Amino acid sequence: MLSQLCRRRRAVSRALLPLVRFTSREADGGKRRRRPPPPPPPKPPRPPQKPASFTFHDFTWQDSYSWMADLQDGVATRHMDAYMEQEEQYTDDVMASLGAERLLLKLQSEMAVRLASDVCTPPVRWGPWIYYTRVEEGKQYPILCRQSASVNEEFVSYNDPSAGFDYNAGRRIEQKLLDYNAEADRFGGYTFEELSEVSPDHHYLAYTLYDKDKDTFRMYVRDLNLGSTLNKPQIDQVSGMAWAMDGKALLYVVTNHYRRPYKILCSMIGSKKEDVLILEESGDNVFVNVRNTKDFRFVAVNIFSETSSKVFLIDAAQPFSGMSLIWESEAKTHCIVEHHRGYLYMFTDAAQAGVPVDSHYLLRCTVENSSSRAWEGVFIEEPGLSIEDVDFCDSHLVLTLRQGKLLRLCSICLPLPAGEAVHLAALNPRFLPLPKHVSQISSGTNYDYLTSTMRFVISSPVMPVATVDYNLSNGKWKIVHQQNIFHERTMTLYGKRAAKGLDLSEIPRNNEQLAEENDSDVLWNGLSEYYACDYYDVPSEGGVMVPLTTVYSRKHKKEGSPGLLHGHGAYGEVLDKAWRYELKSLLDRGWVVAYADVRGSGGRGKQWHHDGRGAKKQNSIKDYVSCAQFLIDKGIVQDGKLAGCGYSAGGLLVASAINKCPDLFRAAVLKVPFLDALNTLLYPVLPITPIEYEEFGCPGDIEEFKAIKDYSPYENIQKDAIYPAVLVTSSFNTRFGVWEAAKWIARIRELTFHDPKRPKLLYLAADTLEESKYLELQELALETAFLIKMTIDPEKLPSGNSCE
């Protein structure tokens, strides 16, 4: 629509240009007339206001847009549909009035070149099979496939769709397991998978698909040898699953109508008998989950309540023999159990001897003594060193470690010696040489318990995400997948030579040589030669120091740089700082991209998370504002050219920061944001989980109610203030509904000073965005064009970027 409109306008203006010049000179005796004034800016939509009053804890407030969230009211739904069409047209009109057509096309062209075009995922070896998904030409969704490892031991041609055909033998060696395009046809053209588990005997695939009509995930089991779906079990509202009896039985968790996981059943595969109830928790605040240990010897059952966290164990060979309690601790603790040759290992952040801890630690005990809770520590605690994650195979234990800002990955031979806890160094750990500026390490699809090669995903702000296979036995490693942003023919970026991604770990070298090469990121195809990454500790309220990371182009950095500040600050999750292809378009235009690790996020211990959630949510907002002010005060970003960006809960963070200091920001992009916290937590349209109440506060508690009321973006818009330009993207298929974005946009236009140079836009993304890279590209190009247009020579903002 936008491109057609702009093309039509250009054609008309060119056709009329000679006539306009002639008539203006004739009428004025040869003198040129003044140009006509530009057309007025587009007018934003004005949705209906239907005042409604709400009272809770003796507080009363008005909400004129509450009707938008009433999905049961047919009239309200029709009004909402009409309003969304008006918002879509307004966004098109505003971008056209900004002359953004050429910029949008240029950005889409830039990003399309960098868009990952892999037709197949990196293959995963598990036992006798190699599993992978690939996309056929012209199809929207992938196909799950496998090949026999004995037929194709070195399967490396996974970017070639014809790799599943053995031309020498003249036969097909690929087995199609599940075609998600066919599944989409059953679900109205849309499919989304939440769970997927292959049985340990490789005979069955259990998976759940989202049914939009029922708003639930339905579980199916597929016979991989026959290529057919079993009639039983087919169950709605399944939230977890675990295999037993070597694939002959399947345990699964069912949720109630409040989406609380409360019941575990066991289905005998191929049997027509009713599924057997293993456990049912009737309490309103009790939640259950199941998972296999990696060797499939046991099924761990986690039960969480407001008072405790419990772990039970089921013998996978005898799933009906009962559950054994092996661990109990205080509420809201993280507990993961693994088994290795008669020992149980527990990775947890539970209090020790009644004293809260700030990080995870590893315990173990024998299976025979687990009922007596004879757990012992594995490692002696070392100051400044914390364990972020663990992974197991039969031969090794792998630890992700954090030392300050530095992440490390090491392997330790199993079994561990019996006895008391020891220092890590006493176990002769082998460290994987990592690139600079690693921001996150996550375990890959390490299904094969008996292999000594494990997969990890390494993220960095100055390196495309790398999927790495690490041989724990000999220390060799290779990158099996990494996006290439260099020019294919010349392998150059900015006219400089760049190393190709080779398995350089095969070349012997001493530690000094390895360290020197690692510093230059040659081994990892890093981009440190072109983009710089700096770190700061920013003082915030309460004397805390907030980590701030900035990324910029070494070649294109300039004085007066515009900047984009990312934030999330919720659920204890580490802020995603991975290199993303769309950010290159900003970096190469001289932008500074920054990341604020505010309280409420992860990576700095359990207390850091707790200090930014619930009644302490204001700490997250104050930290974000402090980082924004720091960027401007230090001249890293020019005053009047700072933009904010937040996703989901990060949208709440950025919107709340704007409410506090609207003159601090020039623009903001809020992606599927949580904006109406007070009303959503009190009167949820979609069921709210305990995690949301823990994270954002429970309004039933009067103190937490007051805290929510004080930070909720929708409730705290400053009347008659000048707000920054804002682009909000949302969808009907999101955890926080589109009505939240629509209500906030309508209210902010109603209450704040209207400045056409600071538009407030609402963009409705397609529901299939998760599966369509090209729809994603269009949205990212729109967001980037919006940011660029909003920061080009902005007029001076009101003086004094204070938050008073």
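Ala, Val, Leu, Ile, Met, Phe, Trp, Tyr, Cys and Pro are taken here as nonpolar, Asp, Glu, Lys and Arg as charged, and the others, Gly among them, as polar. The model is a predicted one, so local features are kept at pLDDT of at least 70 and side-chain atom pairs at pLDDT 80 or more, while totals for chains, interfaces and linings use all residues. Residues are numbered from 1 along each chain as its sequence is written, and side-chain values use heavy atoms, with hydrogens and water left out.

With those classes in hand, the cavity can be described. A cavity is a set of points on a 1 Å grid over the protein atoms alone where a 1.4 Å probe fits but cannot get out, and its lining residues have an atom within 4 Å of a point. Grid points are joined across faces, edges and corners, and the volume is the space filled by probe spheres set on the points. Searching the whole structure turns up 1 cavity of 30 Å³ or more. The largest cavity comes out at about 40 Å³. Its lining is made of Pro-461, Val-551, Lys-577, Trp-579, Leu-583, Leu-587, Val-593 and Tyr-595. Two elements each give two or more residues to that lining, namely helix 6 (583–587) and strand 39 (592–596). By class, the lining of the largest cavity holds 7 nonpolar residues, no polar ones and 1 charged. Helices (H or I, at least four residues) and strands (E, at least two) are DSSP runs, numbered from the N terminus.

Next come the covered elements. Buried stands for under 20% relative accessible area, exposed for over 50%, and partly exposed for anything in between (1.4 Å probe, protein chains only). In strand 40 (residues 642–647), 5 of the 6 residues are buried. Strand 38 (residues 563–567) runs parallel to strand 40 and is joined to it by 5 bridges, with Leu-564 opposite Ala-643. Strand 41 (residues 667–671) is likewise parallel to strand 40, again through 5 bridges, and here Gly-644 stands opposite Ala-668.

Helix 9 (residues 649–660) has 12 residues and spans 17 Å from its first C-alpha to its last, close to the expected 16 Å. That expected span is 1.5 Å times one less than the number of residues. Helix 9 is largely enclosed by the rest of the structure, because 11 of its 12 residues are buried. Among them are Gly-650, Leu-653, Val-654 and Ile-658.

Then there are the charged pairs. A salt bridge is counted when a side-chain nitrogen of Lys or Arg lies within 4 Å of a carboxyl oxygen of Asp or Glu, and the model has 30 salt bridges by this rule. One of them joins Glu-338 and Arg-291 at 3.0 Å, N to O. This pair links distant parts of the chain, with Glu-338 in strand 22 (residues 335–340) and Arg-291 in strand 18 (residues 287–292), 47 residues apart. Glu-338 is buried at 6% relative accessible area, whereas Arg-291 is partly exposed at 25%.

Asp-469 and Arg-455 form another salt bridge, at 2.7 Å, N to O. Asp-469 sits in strand 32 (residues 463–471) and Arg-455 in strand 31 (residues 453–460), 14 residues apart. Both ends are covered: Asp-469 is buried at 14%, and Arg-455 is buried at 10%.

Glu-541 and Lys-622 meet at 2.8 Å, N to O. Glu-541 lies in the loop between strand 36 (531–539) and strand 37 (545–553) and Lys-622 in helix 8 (residues 617–633), so this pair ties together parts that are 81 residues apart in sequence. Glu-541 is partly exposed at 46%, as is Lys-622 at 24%. Elsewhere, salt bridges that share partners join Arg-134, Glu-136, Lys-139, Glu-174 and Lys-176 into one network.

Most residues other than glycine have a negative phi, and most peptide bonds are trans. The bond joining Lys-232 and Pro-233 is cis, with omega about 0 degrees, and Pro-233 is in the loop between strand 12 (228–229) and strand 13 (235–236). Leu-414 to Pro-415 is also a cis peptide bond, omega being near 5 degrees. Asn-525 has a positive phi of about 55 degrees and is buried at 12%. Asp-720 has a positive phi too, near 65 degrees, but is exposed at 57%.

Notes
1 Å grid on protein atoms, 1.4 Å probe; cavity = no way out; pocket = protein on both sides within 12 Å on 5 of 7 lines; lining within 4 Å. Pairing = 2+ DSSP bridges.
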